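This report covers the fold, the helix packing and the salt bridges of one protein model. The sequence and structure come first.

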Amino acid sequence: MGTVTLLPTAAVDRICHDEQMTVWSGDFVGALSLHGFLRELEYHEVCELHDIVAREIRSIIRMALDHPEARTVMKV
C-alpha cells in the first residue's frame, strides 16, 4: 500500500531530508561550477553556497506542494 502525505509541510519534511538536500545542492552547485560561474569563490564560500541552495530548494518545493493544484503527494 502506498503512503499518502496530505500536508505540504509534512511532505517537504519527507522529501527534503538532509541527505537528499546534500545530493540536490551538490548537483546544482556542481552544474554552476562546470559552467564556470563559480571561478572566483573560495572554499568556504562554496560551502555556504551549498547551504543557500539547499534552503532555496526546500522553499521552492514547499511553495510547489502548497500550491492549490497540488492536493496530495502519493507514493505508490
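## Model and conventions

The model is predicted; local features need pLDDT of at least 70, side-chain atom pairs count only at pLDDT 80 or more, and totals for chains, interfaces and linings use all residues. Residues are numbered from 1 along each chain as its sequence is written, and side-chain values use heavy atoms, with hydrogens and water left out.

## Overall fold

The protein contains three helices and two strands, where helices (H or I, at least four residues) and strands (E, at least two) are DSSP runs numbered from the N terminus. Read from the N terminus, the order of the elements is β-α-α-α-β.

Of the 76 residues in the protein, 20% are buried. Buried stands for under 20% relative accessible area, exposed for over 50%, and partly exposed for values in between (1.4 Å probe, protein chains only). Among contacts with a separation of 6 or more, 73% are between residues 24 or more positions apart; a contact requires heavy atoms within 4.5 Å.

## Packing of H1 on H3

Two packed helices are described by the angle between their axes and the distance between the axes. Here an axis is a line fitted to C-alpha atoms, for helices over the stretch in contact, and angles run from 0 to 180 degrees between N-to-C directions. The axes of H1 (residues 8-15) and H3 come within 9 Å and cross at roughly 140°. That makes H1 oblique to H3; angles under 35 degrees count as roughly parallel, over 145 as roughly antiparallel, 65 to 115 as roughly perpendicular, and the rest as oblique.

The crossing of H1 and H3 is right-handed. A crossing is called right-handed if the near helix is turned clockwise from the far one by less than a right angle, and left-handed if anticlockwise. On the H1 side the contact is made by Pro8, Ala11, Val12 and Ile15, and on the H3 side by Arg58, Ile61, Arg62, Leu65 and Asp66. By class, the residues of this contact are six nonpolar, no polar and three charged. Nonpolar covers Ala, Val, Leu, Ile, Met, Phe, Trp, Tyr, Cys and Pro; charged covers Asp, Glu, Lys and Arg; the others, Gly among them, are polar.

## Packing of H2 on H3

H2 and H3 pack with their axes 9 Å apart, at an angle of about 110°. The two helices are therefore roughly perpendicular to each other. The crossing of H2 and H3 is also right-handed.

H2 contributes Asp18, Met21, Trp24, Ser25, Gly26, Phe28 and Val29, which meet Val46, Leu49, His50, Val53, Ala54, Ile57, Arg58 and Ile61 of H3. The contact of H2 with H3 holds 10 nonpolar, three polar and two charged residues.

## Salt bridges

Side chains of opposite charge can pair when their charged atoms come close. A salt bridge is taken as a side-chain nitrogen of Lys or Arg within 4 Å of a carboxyl oxygen of Asp or Glu, and the count by this rule is two.

One of them joins Asp18 and Arg58, with the closest N and O atoms 3.3 Å apart. Asp18 lies in H2 (residues 18-34) and Arg58 in H3 (residues 43-66), so this pair ties together parts that are 40 residues apart in sequence. Asp18 is exposed, at 58% relative accessible area, whereas Arg58 is partly exposed, at 23%. Glu56 and Arg55 also meet through their side chains in a salt bridge (3.6 Å, N to O).

## Single residues

Trp24 is located in H2 and is partly exposed, with a relative accessible area of 30%. Leaving out residues up to four places away in sequence, Trp24 touches Ile15, Cys16, Ile57 and Ile61. The C-alpha atoms of Trp24 and Val53 are 8.5 Å apart, for a separation of 29 residues along the chain.

Gln20, in H2, is partly exposed at 22% relative accessibility. Between the C-alpha atoms of Gln20 and Ala54, 34 residues apart along the chain, the distance is 9.3 Å. Glu56 sits in helix H3 and is partly exposed at 39% relative accessibility. Its C-alpha atom is separated by 9.4 Å from that of Ser25, 31 residues away along the chain.
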